[in-house]
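I opened my notebook to look up a few things in this structure, one entry at a time. Here is what I wrote down, with the sequence and model alongside.

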Amino acid sequence: MNDLEPTGMVPTDMAGAAEIARAVASGAVSARAVTEAALARVTALNTRLNAFTDLLPARALAAAEAVDAARAAGRASGPLAGVPFAVKNLFDIAGLPTRAGSLINRGRAPAARDAALVRRMEAAGAILLGGLNMGEYAYDFTGENVHDGASRNPHDPSRMTGGSSGGSGGAVASGMVPLALGSDTNGSIRVPAAFCGLFGLKPTYGRLSRAGSFPFVSSFDHLGPLARGTRDLALAYDAMQGPDPEDPAQAPRAPEPVLPELEKGADGLRIAVAGGHFLRNGDPECFAAVDRVARALGATAQIELPEAARARAAAFVITASEGAALHLDRLRARPGDFDPATRDRLIAGAAIPAAWVNRAQRFRRWYRDRVLALFEGTDIILAPSTPCRAPALGQASILMDGATLPLRPNIGVFTQPVSFIGLPVCAVPVWVDDGLPLGVQVIAPPWREDLALRVARVLERLGVARSRIPS
Amino acid sequence: MPADLPPLPDDAAMLAYLDAAAVLQGIPVDPAWRGDVLANMRAVAGAARAVLSFPLEDEAEPAPVFAA
């Protein structure tokens, strides 16, 4: 359920963030009671779903009591008062080594303080419950992890959550928490949002501070929230906006709150479906999901992102090279301690000629200019999030347009050409039948997260996009 | 237009390049890993060819951050 489906009772668990924050602010329920219920739900479900790698009950309860005490003292409650949340374990959490899904990082010194976005969520009253499972060093689309075990999909635990923010997807989709933070370099928020049936926001590159998060590919790394509804996404996103001098890639922009814009609808917006690359290389139901969204919005236009397949190729080269450069010392010292699937890509990445990477970055400029020109005549572009539904855990290949291809790299076929140039995307969950969910990317021009969220909200209001917690 | 790209090297030549690169970078590569490293390098090289074969003006400089 989410805040749009009032329960008629005091929320304790499985409620949306907005509903919880309202109840805590009004005194209908204490932040402590909400936190205790969420901790109990995590404890009950985590053995099966493996979403949390670190659970912090003492910290969470202390934070909840502080929220309750502030309210009792007459201080205004924050917009996320008492809302439990959790973060992919590449976010710094004070007192824990930031493992980023790896074995090697467990030997790091504990983080001295929380990541910037964790601090901002807590400043808005949210309660951190702990760290979440992820693919090693975020070089992953599956949510599998050889060190911690796979994140499991709440809608079918024999299937992948998607990754690399796999625990983020599992924790929100199962109702453990209403909000989780993830990272998205090539699709790592949008893929688990699709496989787990969630709303996910990948903001514009440079919008949210990455300070205090373990990096992967500096050129493409984004952070953002996953939730079961658009209002919750907007609440979290607004709480996290604002300049941070500690992130050198962040754009110097003042906060542009989206919550006041959320109900403005889609009338007058020019919405088109991405053609070409985005209509091939996927299962028919992925395109059926896009069709359903387009029909609901009355979108009949089709638009071609030029050279999208080449954009994906360029993103692939840059990712392998920058990732390898980041991990070079670890590859030298402890190559045997990596997940083999990560290590062998990084070793290859370390051998990439610099000129290839430079050309890929120059192509990125060309592609960016062409895509930005498209937005002169279009406000929103729709595309599938993934080429398939959640695959079975351990699945290694995928059938695409009659060809059997390796699964791992191809899950990102539709997300990579979008994050490559940092466009903001709200991924929305769509059920086209009784099977597992699918995702559709609602893509907006740079800095127009508000448009993506407004359209997602329309789809939610129409019942075309929705999340549901499995019983 | 870009000059014609050379054909991708065969496995022996690609492995020789990877072995030399690993030595240069100081990465100890277990012989059991070489096959998967080679497969990954072939995937990267294929992607790179798609990029390298695309004509770009000399003035096309990288623009990693959006301007408002």
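With which residue does A:Arg389 form a salt bridge? I looked it up in this predicted model, and the partner is A:Asp433, with the closest N and O atoms 2.8 Å apart. I then checked where the two sit. A:Arg389 is in the loop between strand 11 (380-384) and strand 12 (397-400) of chain A, while A:Asp433 is in the loop between strand 14 (425-430) and strand 15 (438-443) of chain A, so the pair ties together parts that are 44 residues apart in sequence. Next I asked for accessibility: A:Arg389 counts as buried at 15% relative accessibility, whereas A:Asp433 is partly exposed at 36%.

**Entry: a salt bridge network**

Next I followed salt bridges that share partners, and I found A:Arg231, A:Glu263, A:Arg457, A:Glu460 and A:Arg461 joined into one network. How accessible are the two? A:Glu263 counts as partly exposed at 35% relative accessibility, and A:Arg457 counts as buried at 8%.

I also noted A:Arg253, whose side chain meets that of A:Glu256 in a salt bridge (3.2 Å, N to O). A:Glu256 is partly exposed, its relative accessible area being 32%. For the tally, I got 33 salt bridges in the structure over all chains.

**Entry: the fold of chain A**

I stepped back to chain A as a whole and counted 14 helices and 15 strands. Its radius of gyration is 20 Å, close to the 23 Å that the globule rule gives for 471 residues, so chain A is as compact as a globular protein of that length. Along the principal axes, I read a span of about 60 × 55 × 45 Å for the C-alpha trace. Of the 471 residues, 65% count as buried. I also looked at contacts in chain A with a separation of 6 or more, and 77% of them come from residues 24 or more positions apart.

**Entry: where chain A meets chain B**

How many residues does each chain bring to the contact? I found 40 residues from chain A and 36 residues from chain B. The two chains bury about 3500 Å² between them, with 70% of it on carbon and sulfur atoms. On the chain A side, A:Trp356, A:Arg359 and A:Arg362 lose the most area to chain B, together 18% of what that side buries.

I searched for salt bridges across this interface and the rule found zero. For polar contacts, the rule gave nine residue pairs, both partners at pLDDT 80 or more. I then asked which elements of chain A give two or more residues to this side, and got helix 9 (308-333), helix 10 (340-349) and helix 11 (354-374). Helix 11 of chain A gives the most, with 11 residues. Sorted by class, the chain A side that touches chain B has 24 nonpolar, four polar and 12 charged residues.

Note on methods: Residues are numbered from 1 along each chain as its sequence is written. Chains are lettered from A and ligands numbered from 1 in the order in which they are written. Side-chain values use heavy atoms; hydrogens and water are left out. Contact means heavy atoms within 4.5 Å. Buried area is the accessible area (1.4 Å probe) that two parts lose on being put together, summed over both. A salt bridge is a side-chain nitrogen of Lys or Arg within 4 Å of a carboxyl oxygen of Asp or Glu. A polar contact is a pair of N or O atoms within 3.5 Å; within protein, one must be able to donate a hydrogen and the other to accept it, and residues adjacent in sequence count only if both atoms are side-chain atoms. Helices (H or I, at least four residues) and strands (E, at least two) are DSSP runs, numbered from the N terminus. Ala, Val, Leu, Ile, Met, Phe, Trp, Tyr, Cys and Pro count as nonpolar, Asp, Glu, Lys and Arg as charged, and the others, Gly among them, as polar. The radius of gyration is taken over C-alpha atoms; the globule rule is 2.2 Å times the number of residues to the power 0.38. Buried means under 20% relative accessible area, exposed over 50%, partly exposed in between (1.4 Å probe, protein chains only).
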